[in-house]
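Reader: Could you walk me through this one, sheets and pockets included? I'd like the cut-offs along the way.

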Amino acid sequence: MAQHLIKETFPVLEMSCAACAASVESTLKASAGVKDAGVNFANQDAWVMYDDRQTNPETLQAAIRSVGYDLLIDTEDREEKQAALQKAHYQQLKQRTWWAIALSFPVVVIGMFFMNMPYANWIMLALSSPVVIWLGRGFFVNAWKQARHGKANMDTLVALSTGIAYLFSLFNTLYPQYWHQRGLHAHVYFEAAAVIIAFISLGKLMEERAKSNTSSALKKLMGLQPKTVLREQADGSMVEVAISDVKVNDILLVKPGEKIPVDGALVAGSSYVDESTITGEPIAAAKTQGDKVFAGTLNQQGSFRMKAEKVGANTVLAQIIKMVKEAQGSKAPVQQLADRIAGIFVPVVMGIAVLTFGLWMILGGDHAFTHALLAAITVLVIACPCALGLATPTAIMVGVGKGADHNILIRDAESLENARKVNAVILDKTGTITEGRPVVTDLTFQDERYKSLLLAMELQSEHPLASALVKRLEQEGVRPVKLDNMESITGKGVQATYEGITYKAGNSQLITPDAASAKIAASWQQEAKTVIYFSADEKVVAMAAIADKVKERSAQAIATLQSQGIEVYMLTGDNAATAAAVAKQTGIRHYEAEVLPARKAQFVQELQAAGKVVAMAGDGINDSQALAQADVSIAMGKGSDIAMDVAKMTLITADLNSIPKALALSRATVRTIRQNLFWAFIYNLIGIPLAAGILYPVNGFLLDPMIAGAAMALSSVSVVSNSLLLKIKQI
């Protein structure tokens with residue numbers, strides 16, 4: 001069953017408010033074969049998990065089209081097509097808005113200052129009709145599509161309010177005698193209908209412009225991908241092809257100053273490559289034949305030929321873009337409350353408008369109908385839930401984007417929200433606190449023939465210490481033997497057999513050293529070096545001391561965390577003497593040595609049981625269990641794929657200071673979400689009673705529908721602008 005479930009993200013077109021997003025989401029969830037779905041109004045995307053035996057993208061698209069929206073299901077250049085459509089939509093909205101303002105302005109002037117001029121009503125009818133019927137037709141079309149499915153959204157509120165005002169004014173212009181015969185003046189509200197559409201269009205225009213800025217980090221990442229590359233043909237000539245045409249095993253030519261197109265390895269030439277976008281390392285890395293290179297990094301010197309190994313969605317850069325995009329589209333827990341409110345908000349507002357109309361008709365006295373009509377229209381206009389729908393997703397989009405700008409990749413909104421609660425941080429030692437580039441400083445063998453055996457065993461280990469031994473032995477020209485079998489013992493080392501003898505390489509938990517070996521080891525450990533024993537049939541026959549330098553800024557990062565009241569712990573599989581030396585260098589007060597992977601996870605559980613909210617940072621497979629257990633998991637970018645896959649945050653930098661930055665970013669983002677929700681709620685809590693005329697009995701104040709339209713538009717713009725302020729906040 002599970003293998004038939006597909007999770008896919010589609011751009012959604014034509015959404016104009018949070019209620020639209022709720023409508024699209026409920027339609028997708030109600031479609032046959034869909035197991036789950038979510039819609040993000042801010043970035044106009046929907047993710048759908050569906051059973052491909054029961055439905056397909058075409059069926060989902062038809063379902064969404066039936067309720068007035070659209071899904072972009074093209075598999076090629078989907079983002080580019082969405083960007084092009086959004087740009088065209090923006091230009092169209094811009095034109096409509098300026099025309100609406102230009103035509104509405106004289107209507108307002110006549111309606112407010114020259115009501116008694118000859119043919120005033122007819123002139124206003126001529127000017128406002130194009131605004132309502134042509135420029136504002138989208139509101140009515142969408143409202144009708146919603147109504148056919150028994151649903152309502154922001155367009156429903158706008159269509160009802162402007163439609164009622166326009167039709168009432170039209171009737172009074174055509175048949176003024178109806179009111180005159182009853183001793184009443186035939187009022188018209190063309191200016192209200194036209195200006196509401198002009199203001200709401202202006203608000204949406206400003207909103208679209210601001211929203212496009214919230215995803216600038218994603219655009220920056222996507223901009224790292226070159227569009228074309230030179231590919232070697234069978235006859236050795238080079239031809240320029242689009243990146244989408246590059247296949248695995250293609251030979252590509254990369255010139256100086258060009259961005260590397262896909263992931264691969266050098267087959268000819270050498271160069272220096274700026275990999276800061278992928279690794280965070282500021283110094284360009286030297287590349288020679290056989291070295292790996294990654295898409296989006298910059299070739300600084302020299303041309304080289306490379307073989308494509310990972311293309312399209314499989315490159316590291318594509319994975320980063322996917323992670324950022326999914327995180328920006330994910331929902332924070334607080335969003336669920338806002339979504340539920342937005343989903344029922346429009347029907348509730350329509351009920352309030354009807355109630356307002358009824359109360360005014362009963363209690364309104366001489367001008368009951370006029371006041372009832374205006375109050376009901378104003379309630380419909382001011383209550384559009386745009387600000388409520390934008391409050392959380394815009395802040396999440398900016399927060400995730402700002403994280404990406406600081407080399408902090410955040411997997412989902414929930415992690416970003418939870419990180420602010422962290423009060424205990426656990427750090428793995430190797431590769432997290434230290435550079436993870438260990439170097440063999442001392443190496444002793446009782447017999448040179450053991451070198452080939454040790455090399456063969458360490459070649460099959462993924463531990464950073466193994467890499468150091470492999471590098472040292474290969475530099476000495478050692479060649480590995482072919483082992484009979486090989487076993488990795490997690491947290492301890494490796495074991496193999498060769499010609500009937502059992503060999504082990506690892507720490508003191510795997511191999512018990514004799515007195516002489518233990519004495520040598522103790523002296524090395526005092527210098528913060530890690531000791532590796534190598535035994536043949538349980539007898540130590542070789543020893544290695546490996547030093548892994550503490551990162552330059554680790555102590556500063558740990559001091560920053562501790563100054564914020566966050567307890568910092570170090571867990572390491574290394575021995576107690578080495579752990580103590582590293583702890584002393586970095587100012588860590590709590591540490592545990594000779595820790596196995598299961599113990600790391602247990603340690604996380606113990607802190608959680610003590611009421612701590614725990615963040616775990618690590619880079620190895622042995623950290624995966626603890627990362628999965630932690631409340632907030634942080635993988636170091638150069639770590640194993642498994643650690644990065646498990647972790648909710650990935651630091652694509654070696655600098656540990658990114659951890660306090662990530663926690664600060666979480667606090668700033670949640671603070672912004674709360675501010676946005678406060679203003680969105682308070683706006684409606686104050687605006688709706690005022691629109692209904694609650695102050696009229698006290699001081700005769702009745703909110704004008706035009707002012708309500710402007711206030712509604714400005715509330716959305718203010719929420720998006722507040723989210724954009726996150727961009728300039730220091731973290």
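Reader: In strand 24, which residue is the bridge partner of A424?
Author: This is a predicted model, where local features need pLDDT of at least 70, side-chain atom pairs count only at pLDDT 80 or more, and totals for chains, interfaces and linings use all residues. Residues are numbered from 1 along each chain as its sequence is written, and side-chain values use heavy atoms, with hydrogens and water left out. Strand 15 (residues 424-428) and strand 24 (residues 614-618) run parallel and share 4 bridges (strands pair if DSSP finds at least two bridges between them; strands are DSSP E runs of at least two residues, helices H or I runs of at least four, both numbered from the N terminus). Within strand 24, A424's bridge partner is V614.

Reader: What is the strand order of the open sheet of 7 strands?
Author: Pairing in this sheet is mixed. Strand 14 (408-410) and strand 23 (590-592) each have a single partner strand, so one side of each lacks a neighbour in the sheet. The order is 14-26-25-24-15-22-23.

Reader: What angle does the direction of helix 22 make with that of strand 15?
Author: Axes here are lines fitted to C-alpha atoms, for helices over the stretch in contact, and angles run from 0 to 180 degrees between N-to-C directions. Helix 22 (residues 597-609) packs on the sheet and touches strand 15, strand 22 (567-571), strand 23 and strand 24, contact being heavy atoms within 4.5 Å. Its direction and that of strand 15 make about 170 degrees.

Reader: And at what angle to strand 14 does helix 25 run?
Author: Helix 25 (residues 658-692) lies across strand 14, strand 15, strand 24, strand 25 (632-636) and strand 26 (649-651). Relative to strand 14, helix 25 runs at about 45 degrees.

Reader: How far apart are the end C-alpha atoms over residues 707-726?
Author: The unreviewed UniProt entry lists several stretches under "transmembrane region", including 156-175 and 707-726 (positions are in the numbering used here, feature names are shortened, and annotations may be inferred rather than shown by experiment). Residues 156-175 are 95% helix and 0% strand, with end C-alpha atoms 27 Å apart. For residues 707-726, the chain is 90% helix and 0% strand, and the ends are 29 Å apart.

Reader: Which helix gives the largest share of the lining of the second largest pocket?
Author: On a 1 Å grid over the protein atoms alone, a pocket is an open set of points with protein on both sides within 12 Å along at least five of seven lines, and lining residues have an atom within 4 Å of a point. This pocket has 18 lining residues, with V188, Y189, E191, L374 and D704 nearest its centre. Helix 3 (78-113), helix 8 (190-214), helix 13 (368-382) and helix 27 (705-724) each supply at least two lining residues. The largest share, 3 residues, belongs to helix 13.

Reader: Back to strands: which residue in strand 3 is the bridge partner of T9?
Author: Strand 1 (residues 5-13) pairs antiparallel with strand 3 (residues 45-51) over 7 bridges. Strand 1 also runs antiparallel to strand 4 (residues 70-71), with 2 bridges, and there V12 stands opposite L71. As for T9, its bridge partner in strand 3 is W47.

Reader: Which residue takes a positive phi in the hairpin of strand 5 and strand 6?
Author: Strand 5 (residues 228-232) and strand 6 (residues 238-242) are antiparallel and joined by 5 bridges. The hairpin has 5 residues between the strands, and the one with a positive phi near 90 degrees is G236.

Methods: On a 1 Å grid over the protein atoms alone, a cavity is a set of points where a 1.4 Å probe fits but cannot get out, and a pocket is an open set with protein on both sides within 12 Å along at least five of seven lines; lining residues have an atom within 4 Å of a point.
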